[in-house]
Amino acid sequence: MRIWQLTFLIGALSLGPLVHAQMMPDAPVKNFRFPRFSEEGFTEWVLQGGEGIYDSEEQIRVNQMNLRVYSGDERLVQELGLKSPQATIRLQENRAFSESRILIEGTNFTISGTGWEWDGATKVVEVKDDAIVTFAQSMTNTLTGVSLEATSAGKTEIRSKQLLLKTTETEYEFIFIEDVKVLSGDMTLQSGRLVAVAETPEGRDTKDVAAVGSQIDALRSLKASEQVVIRQSDKVARAEKAVFDPATGQVDLIGLPQIEASGAFISGHHVRSQRGQLLIKGSEGAGRAQVILTRAGGF
């Protein structure tokens, strides 16, 4: 197999003398693999590809890219795996991008979309179009008294026009932008924007996991804004903001919230729902808390 001349590549990546070979710039490399290390010697990422094309010491193009991203410290945690049919790698910038499809895998979630950019310095991934995130966890129902426990058997799917994913030591932050739709159990949510936070493998104490019966990467919170509409069973809720706590099954509806149910209409300044129980608050500026019943049976 013909191998790249990695002199420029290794210098840009600070990898050390891994390979010494002759290479022609127009000679693609098949089935290659190499890592990048931090200054302390810990693995930051490992790049594999079905074919690599050397453009310059700053840039290579990769077909069938498989990029595994690690914590870059003594924890040696794999944070993400990124797969794409085609990608451009800017070596000195520690950055990759493509207009192709992307599949991103975390411990308990997957992301797909079209057009993407990954920044290794800031640990941010942008999915530019048709973003779909699937969490291996069901959200607890909040507008009814029926509980869907957070187990690997369930799932929550969130779709949006655009997505930003930020990774820290303790959490993944998902920022969904434009045409957001959430599907979980019998609940659907639509909004203009949504921010979801999930635990990283190192971010949740094992006692907390046992207490709520969930797994690592469990959804910790969701905050929806911009014309929020929630549908569940026979109920429809509308508000400017909705804040979810999946562990407790609580949702706060803020900004002139309204809930329509069979035979009932609820409104106020702030409505809190927890496993089917409602707390309705009013204010002078936003109007009184009120419940209008047309058919009281079974409510």
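Leaving aside residues up to four places away in sequence, Ser 221 touches Val 195, Ala 196, Val 197, Phe 244 and Pro 246. The model in which these contacts occur is a predicted one.

- Ser 221 lies in strand 12, which spans residues 219–232.
- The relative accessible area of Ser 221 is 16%, and the residue counts as buried because this value is under the 20% limit.
- Among the contacts of Ser 221 are Val 195, Ala 196 and Val 197, and a further two are Phe 244 and Pro 246.
- Ala 198 is 23 residues away from Ser 221 along the chain, and the C-alpha atoms of the two are separated by 7.3 Å.

**The salt bridge between Lys 30 and Glu 51**

- The side chains of Lys 30 and Glu 51 form a salt bridge, with an N to O distance of 2.5 Å.
- This pair links distant parts of the chain, since the partners are 21 residues apart: Lys 30 belongs to strand 1 (residues 29–37) and Glu 51 to strand 2 (residues 43–54).
- Lys 30 is partly exposed, at a relative accessible area of 41%.
- Glu 51, by contrast, has 18% relative accessibility and counts as buried.

**The salt bridge between Arg 36 and Glu 44**

- Arg 36 and Glu 44 are also joined by a salt bridge, in which the closest N and O atoms are 2.7 Å apart.
- Arg 36 counts as buried, with a relative accessibility of 17%.
- Glu 44 has a relative accessibility of 22% and therefore counts as partly exposed, as buried means under 20%.

- A salt bridge connects Glu 93 with Arg 90, and its closest N and O atoms are 3.9 Å apart.
- This distance qualifies because the limit for a salt bridge is within 4 Å.
- Glu 93 is partly exposed, with a relative accessible area of 44%.
- Arg 90 is likewise partly exposed, with a relative accessible area of 25%.

Definitions and conventions: Residues are numbered from 1 along each chain as its sequence is written. This is a predicted model: local features need pLDDT of at least 70, side-chain atom pairs count only at pLDDT 80 or more; totals for chains, interfaces and linings use all residues. Side-chain values use heavy atoms; hydrogens and water are left out. Helices (H or I, at least four residues) and strands (E, at least two) are DSSP runs, numbered from the N terminus. Buried means under 20% relative accessible area, exposed over 50%, partly exposed in between (1.4 Å probe, protein chains only). Contact means heavy atoms within 4.5 Å.
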